[in-house]
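Morning, everyone. I'd like to walk you through one model today. Have a look at it first, please.

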Amino acid sequence: MPDLLPSLTIDGAELPPPVLGRAVDRLTAELQACGAGPGRLVILSDPAPLPIVVATFAAGNLGAPLALTSGWSAVKPPAWAEVRTDGTVRRSPSWPPAPLDADIALVLFTSGSTGEPRAVALSHRSIAYQGRATADHLRIGPDDRLMLPLPLHHAYGMSVLQACRHAGARLYVEGAFGAGTVLRRIAEEHVTAMDGIPSMYRILGREAARDDRVRRALASVRIRGCGGDLLSPVLRETFERQTGGRLHDGYGLTEAGPNVAINTPHDYREGTVGRPLAGTSIRVTAREIEVSGPGVMLGHLDLSTGKIQRDAFTRDGWLRTGDLGDIDDDGFLTVEGRSKNVLIVQGETVAPAVLEDVMRGAAGVSDVAVVAGGGGARGDRVLVFAECEPAADSGSVLARLREVCRRALPPLLRPDEIHFVDGLPRTASGKLDRIALETLAARR
């Protein structure tokens with residue numbers, strides 16, 4: 001990875017590399033004075049982009065592992081030093097008896113969308129590989145300008161930061177997603193690539209359908225990366241119709257560093273999440289996706305002991321993702337959903353995403369989530385929670401949902417219940433919160 005710091009603009013304020021460099025040098029000196037170094041954990045709980053960028057590069061200068069806990073304030077691992085909100089450093093008295101593994105560079109937390117958040121230990125090698133391999137895979141270079149309206153304390157946003165640093169590209173970070181701000185930045189700064197989650201592109205696509213200037217701005221972006229959750233075929237097709245541009249969806253998970261496979265403008269196959277990064281290998285065992293390569297985590301970190309746990313790996317060292325999928329003969333990966341979230345109806349196993357894709361095609365539906373409910377005579381009951389588009393009539397939307405399901409689904413997979421909600425529960429990273437949805441389902 002080049003030693004040069006990236007050119008950054010955060011919430012519209014330009015941060016030239018020399019200015020960023022001075023901030024990084026100051027924090028590096030403070031951390032060093034507190035004894036931070038290889039195996040000696042530094043913790044940061046500030047969710048703002050600038051402190052995360054500065055702490056990431058300062059800890060990296062010392063080879064110290066950095067834990068980004070913002071978004072999960074209840075999770076606070078024992079640390080050697082803590083970077084406080086005001087940018088000062090406090091040495092923590094709660095350091096465990098032995099330092100962490102010296103290979104650990106970054107500790108990130110999973111989204112908790114399917115269970116309790118877990119601490120993921122990524123190595124220095126993983127971070128360097130992800131930045132290089134992602135930039136090379138997408139063919140990002142120094143002339144590119146990337147828009148990132150995603151949090152940096154999650155693996156997706158962090159991977160974009162590292163890719164920009166490797167490529168020497170300019171990065172525009174937004175602390176919060178606002179459609180107007182993002183679209184204005186794309187037009188004014190001649191953004192060539194952006195990353196977002198499906199719900200963001202759903203909003204941007206609606207704006208494009210109403211305003212031809214928005215459509216042209218979105219169509220001018222070369223790479224429209226989409227991750228963080230499954231991209232439904234309905235959204236993919238609708239966005240392309242609204243803007244004339246494709247969404248380049250990919251697949252990754254925090255435990256893999258995170259990027260595994262990504263569709264690109266020069267190597268794209270509809271219905272898949274693309275081919276793996278160079279150096280990353282994928283195999284499918286009993287429908288579960290397994291990953292191997294330099295980006296994969298060292299393991300989950302036990303915060304009470306400081307030890308690395310390898311329970312997510314197979315005996316021969318492959319990461320078990322818990323995701324269902326398939327690989328075609330050309331190496332393109334298809335992801336069907338989480339193995340833990342399947343419905344079992346009359347002995348048939350079905351991923352909720354399959355049913356959700358059908359229902360998102362109903363006019364007036366903004367988004368939908370399918371959850372397994374207990375107590376059904378034929379196995380799981382199929383429960384649906386749906387969001388209506390603004391100004392849509394829920395009664396009319398319900399009728400259209402029923403009709404779409406009647407035409408596209410066999411009787412045993414049609415919804416037992418459909419409930420409308422003002423907003424589907426989501427994690428801090430924008431994924432559907434399956435645990436919260438299960439809680440909603442249990443109340444029905």
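First, a term: contact means heavy atoms within 4.5 Å. Helices (H or I, at least four residues) and strands (E, at least two) are DSSP runs, numbered from the N terminus. Now the ground rules. This is a predicted model, where local features need pLDDT of at least 70, side-chain atom pairs count only at pLDDT 80 or more, and totals for chains, interfaces and linings use all residues. Residues are numbered from 1 along each chain as its sequence is written, and side-chain values use heavy atoms, with hydrogens and water left out.

Start with helix 1 and helix 2. From helix 1, Leu20, Ala23, Val24, Leu27, Thr28, Leu31 and Gln32 take part. They meet Val53, Val54, Ala55, Phe57, Ala58, Ala59, Asn61 and Leu62 of helix 2. By class, that contact has twelve nonpolar, three polar and no charged residues. The classes: Ala, Val, Leu, Ile, Met, Phe, Trp, Tyr, Cys and Pro count as nonpolar, Asp, Glu, Lys and Arg as charged, and the others, Gly among them, as polar.

What about the geometry? Two packed helices are described by the angle between their axes and the distance between the axes. Axes here are lines fitted to C-alpha atoms, for helices over the stretch in contact, with angles from 0 to 180 degrees between N-to-C directions. The cut-offs: under 35 degrees is roughly parallel, over 145 roughly antiparallel, 65 to 115 roughly perpendicular, and the rest oblique.

Thr56 also sits in helix 2. Is Thr56 buried or exposed? Its relative accessibility is 11%, so Thr56 counts as buried. Buried means under 20% relative accessible area, exposed over 50%, partly exposed in between (1.4 Å probe, protein chains only). Leaving aside neighbours within four places in sequence, Thr56 is in contact with Leu66, Met158 and Gln162.

Next pair. Helix 3 (residues 124-138) and helix 4 (residues 155-167) have axes that come within 8 Å and cross at roughly 70°. Helix 3 and helix 4 are therefore roughly perpendicular. Ile127, Gly131, Arg132, Thr134, Ala135 and Asp136 in helix 3 meet Gln162, Ala163, His166 and Ala167 in helix 4. That contact has four nonpolar, four polar and two charged residues.

On to the core. A nonpolar core is a set of buried Ala, Val, Leu, Ile, Met, Phe, Trp, Tyr and Cys residues joined through side-chain atoms within 4.5 Å. The largest one has 75 residues, and Leu31 and Leu171 have the most contacts inside it. Not counting residues up to four places away in sequence, Leu171 touches Ser7, Leu8, Thr9, Leu146, Leu148, Val160, Leu161 and Cys164. Leu146 belongs to strand 9 (residues 145-148). At 2% relative accessibility, Leu146 is buried.

Last, the backbone. Most residues other than glycine have a negative phi, and most peptide bonds are trans. Asp11 is not a glycine, yet has a positive phi of about 50°. Asp11 lies in the loop between strand 1 (7-10) and strand 2 (13-15). Arg287, also not a glycine, has a positive phi of about 75°. Its loop runs between strand 16 (281-285) and strand 17 (288-292). Finally, the peptide bond from Gly257 to Pro258 is cis, with omega near 10°. Pro258 is in the loop between strand 13 (248-252) and strand 14 (259-262).
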